[in-house]
Every structure is written in structure tokens, then in C-alpha cells.
Amino acid sequence: MSESFAPPPPGHLHPPVWSPLDDYLWHTCDILADLVEGRMDRRPLIATTARVAHGDRVLAVGPGQRVTWRALGDGSYVHEGGFAFGRPGFVLASVAATAVTNSVRRSRAARDAQPRWVVDGPGEVTVSVRGMHFAHPTSGLGLYWHETNGWHAIDLVAPDVFHASFVSDRGEYVTTRVHSPWASLMFVLAARASFPAHPRLLGGGWLPPDFEERCARLGRPCRPAARLVLESGGA
């Protein structure tokens, strides 16, 4: 006589795992829910070295790294020339060495003229109601969510990578990414302010698809920020 077994409950074979990034996403949902519901006064004050405008409120501070899509050079290089004197063998060897040197420099200059993701360095990220600040000695970045002229595009290419294209104060087109555990928070704030029809915002794609379910299964239910943000219509 065969025995029958009931199927294991969902998650029995593969129990949900709570990662360090999940903590940031959970707090992101909590912050956004308070923001939408107008309950920011209940949140604790957060210290930062970034300059914050009067009336603004800091929402989160954490580590980050900036990378920028740019070329390392403009294609130019120093051409080595000159004359060589001496025996014919020496002259031929010198000319050949100079040609090799110029070829290497020309190839390197051509490679450096091709845009690629360049690491600008690590720094501290401060996210506020009005914008974000990335602190770095030479590659600092300040973005304001309601900036109407400079924004071209934003995206969340990974749960911890915020992508932005904009025109800088100097009139330069910039494409940059900020790697930060607060990337989802940055994306939602920027989208609500300047890209309210962004498909990732309307579709709730700024959170992993099973995040709310995993939170509930692990006994840490999160507030329904995705629904609240969508219902708020960017207000």
C-alpha cells in the first residue's frame, strides 16, 4: 500500500533569505510611505555633512560610488619625431623604434577616445526630499528632483544602481550612475518629481517582484509603498 504525502508549503524547500540590501529596501518603503502620507515629522533627524537647503529634510545617508560614461581622452597624442645620426644600422633601428612608439601612442589615444564607464570614486550619498548629494573631492554630484531643464532620463538598472542623464550647469551632457543601497529611494523620488509616467514607477518595478511577499514570510511586513506612490500620482 503506497503512502501519500501532502506537498510542502511554499518556501519549505527554499526558505526566503534576508540580504543586507533588503534592509535598505524595507526602510525605503517606510520612508516613502511616510512621505506620501505626510508623516515626515515622525521620522528621526539624520545627520549629514552635505549642505541642505532650508526647509529640506534628509531621508537617508549611506555609502556610494559614482561611475560616469565618458572618454578618457580626445584622440590626440604626442607624435615623436626628429632625426637620427650615426651608422645606417643605428639609424634604421632608431626610426623603427620611433615608428613603434608612435603606433602605440596612436592606438592608446584611439582607445581612450572611446566612451566607457569610468569609476569616479567612492563617497557619501545623502538623499533628501528635494534631491541627492554625492560627496567626493573631485567628482561630487548634486541633483534636484524637480529640476525641469536638466533632466533627460533616469532608470534603476539594478536595485542598488541609480542611472541618470542630464545637462550640467556648464551645459555638458552627462550620463552617470550612483551605486548605492539607497538607489531605489533616489529613483522613486526623481521619478515622482520629473518622470511621473516612468514605466518602472507605474509598474512598481523599483522593488524586486517578490519583496513584499518575502518580507511577510520572514515576519517583517513592509508598508505598501509601491501602491501608495502610485495612488499619490506624484504628489
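Residues are classed by relative accessible area as buried (under 20%), exposed (over 50%) or partly exposed (in between), with a 1.4 Å probe and protein chains only. The structure is a predicted model, in which local features need pLDDT of at least 70 and side-chain atom pairs count only at pLDDT 80 or more, while totals for chains, interfaces and linings use all residues. Residues are numbered from 1 along each chain as its sequence is written, and side-chain values use heavy atoms, with hydrogens and water left out.

Rings of Phe, Tyr and Trp (its six-membered ring) were paired if their centres lie within 6.5 Å, with planes under 30 degrees apart counted as stacked, over 60 as edge-to-face and the rest as tilted. By this rule, 5 aromatic pairs were found. One of them is the tilted pair of W18 and F211, with 6.3 Å from centre to centre and 35° between the planes. This pair links distant parts of the chain, 193 residues apart: W18 lies in the segment before α1 (20-36), and F211 in helix α5 (residues 211-217). Helices (H or I, at least four residues) and strands (E, at least two) are DSSP runs, numbered from the N terminus. W18 is partly exposed because its relative accessibility is 24%, whereas F211, at 0%, is buried.

The rings of W69 and W117 form an edge-to-face pair, because their planes stand at 65° with the centres 5.3 Å apart. Here too distant parts of the chain are linked: W69 belongs to strand β1 (residues 58-70) and W117, 48 residues away, to strand β2 (residues 116-128). With a relative accessibility of 41%, W69 is partly exposed; W117 is likewise partly exposed, at 32%.

A charge was taken to sit over a ring if NZ of Lys or CZ of Arg is within 6 Å of the ring centre and within 35 degrees of the ring normal. The charged end of R220 is placed in this way over the ring of W26, at 5.0 Å from the ring centre.
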